[in-house]
Amino acid sequence: MRKISRKSFITDCEGPLTLNDNAFEVAEKFIPEGGKFFKILSKYDDCLVEANHPGYHAGDTLKLIAPFFKAYDVGNQDLINYSRKNVNLVYGADNTLNYVKDKVHSFIVSTSYGQYIQALCDNTHFPYDNTVHTHLDLDNMPINEKDKQELKIFHDDILKLNPQDIDQFHKLDQIFFDKLPKMDIYDLVKTVDTVGGEGKRQAVKRILKREDLPANNLMYMGDSITDVEPLEFAKKNGGLAIAFNGNSYAIEAADIAIISDNTIVTSLLVDLHARYDNDYVREFVQRYSEKGHAEAFFIMLNDEELVVKFDKEYQRKTLPLIEIITDENREYLIQESMKMRQSIRGTDIGGLG
């Protein structure tokens, strides 16, 4: 099908497309008590972002954890092999990716490591060239025995912290901003250019400039703290900013919330986005939330196959929530979104920032 000229859909990966948090999962797989270890660093990441720590951006957890992979002898092939076997899609995401790439100019901008994004693209046949992600090369950076042992001590010290007690996080400041920068392995940290937060916003801007696509024709979809800047960019420039099962950070930044266990909702909105202006999409969402999906579909959707598929998928199920975010419904949407997020992704991953 012919692409609709100058319309774009750019989405985060983990959350809107997959159930994974790959960095959490590979940490859990390869680092002792890696799940707990990663959750502490993720909470630390949130605190650094909220405090506007100089030079630190959302998602830099993936930078902080890199030396610890080296300490426990993890290489590129380990990440590749694990990722290929553990891509868990949100229901319908493979169909949605194939649908949207034939409707509009479609891209994935993800904080995830490239090894995981390659595995996703292999599984779904989405073009890898249409992705931006965090580059991590563990094989070309040696680690000496002294650094390895010191990192293992840091690892044990970090595990002693309570992730809910942020007053303890000054100990992490000492590790990551005082001790680690003096070690040889810090050269690895400097090579990891994390695509999160501001990095995602810049990636979105580069895509739009390269493809000569106007910002007001952008639909951006995200779910976490790493999506705040690109969501705000889309909203500021008159585009569509959508939180898909978003946490509080994403819903605060977006103007439309989707709460669903199925990505056919994404296909529906992209279909409208491809054919009509943004006000029409917002009007559809408003009608859907106020008067029920039947009237909204009958009046505003022309893709009969999608409508039939939507009805079939949600037969005997609770319909997804699709709402314009307002001051009045924001807290309700955050609560409902977090319930869905944790229901389909699990408590550990669903609770990450």
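**Walking through the model**

Modeller: Let's start with Asp 73, which counts as exposed because its relative accessibility is 56%. For the cut-offs, buried means under 20% relative accessible area, exposed over 50%, and partly exposed in between, with a 1.4 Å probe and protein chains only. Before we go on, this is a predicted model, where local features need pLDDT of at least 70 and side-chain atom pairs count only at pLDDT 80 or more, while totals for chains, interfaces and linings use all residues. Residues are numbered from 1 along each chain as its sequence is written, and side-chain values use heavy atoms, with hydrogens and water left out.

Colleague: OK, where is Asp 73 found?

Modeller: Asp 73 is in the loop between α4 (66–71) and α5 (76–85). Helices here are DSSP runs of H or I with at least four residues, strands are runs of E with at least two, and both are numbered from the N terminus.

Colleague: What's the phi of Asp 73?

Modeller: Positive, about 60°, although Asp 73 is not a glycine. Asn 52 also isn't a glycine and has a positive phi, of about 55°.

Colleague: And Asn 52, buried or exposed?

Modeller: Exposed, since its relative accessibility is 64%. Asn 52 sits in the loop between α2 and α3 (61–64).

Colleague: Let me zoom out. How many helices and strands does the protein chain have?

Modeller: There are 19 helices and 7 strands in the protein chain. It has 353 residues, and 57% of them count as buried.

Colleague: Switching to α1 and α2, at what angle do their axes cross?

Modeller: Helix α1 (residues 22–30) and helix α2 (residues 34–50) have axes that cross at roughly 140° and come within 7 Å. That angle makes α1 oblique to α2. Axes are lines fitted to C-alpha atoms, for helices over the stretch in contact, with angles from 0 to 180 degrees between N-to-C directions. Under 35 degrees counts as roughly parallel, over 145 as roughly antiparallel, 65 to 115 as roughly perpendicular, and the rest as oblique.

Colleague: Which residues meet there, between α1 and α2?

Modeller: From α1 you have Ala 23, Phe 24, Ala 27 and Glu 28, and they meet Gly 34, Gly 35, Phe 38 and Lys 39 of α2. That contact divides into 4 nonpolar, 2 polar and 2 charged residues. Ala, Val, Leu, Ile, Met, Phe, Trp, Tyr, Cys and Pro count as nonpolar, Asp, Glu, Lys and Arg as charged, and the others, Gly among them, as polar.

Colleague: Lys 29 is in helix α1 too. Is it buried or exposed?

Modeller: Lys 29 is exposed, with a relative accessible area of 52%.

Colleague: Now Thr 111, which strand does it lie in?

Modeller: Strand β2 (residues 105–113). Thr 111 is buried because its relative accessible area is 9%.

Colleague: What lies 2.7 Å from a polar atom of the Thr 111 side chain?

Modeller: The backbone oxygen of Val 195. Beyond four places in sequence, the residues that Thr 111 touches include Gly 59, Lys 200 and Thr 226.

Colleague: So where does Thr 226 lie?

Modeller: Thr 226 lies in the loop between β4 (218–222) and α12 (228–236). Thr 226 counts as buried, at 10% relative accessibility. Its side chain makes a polar contact of 3.1 Å with that of Ser 224. A polar contact is a pair of N or O atoms within 3.5 Å; within protein, one must be able to donate a hydrogen and the other to accept it, and residues adjacent in sequence count only if both atoms are side-chain atoms.

Colleague: Last one, Leu 333: buried or exposed?

Modeller: Buried, with a relative accessible area of 0%. Leu 333 is in helix α18 (residues 330–345), and outside four places in sequence its contacts include Ile 251, Ala 257 and Ile 259.

Terms used: Contact means heavy atoms within 4.5 Å.
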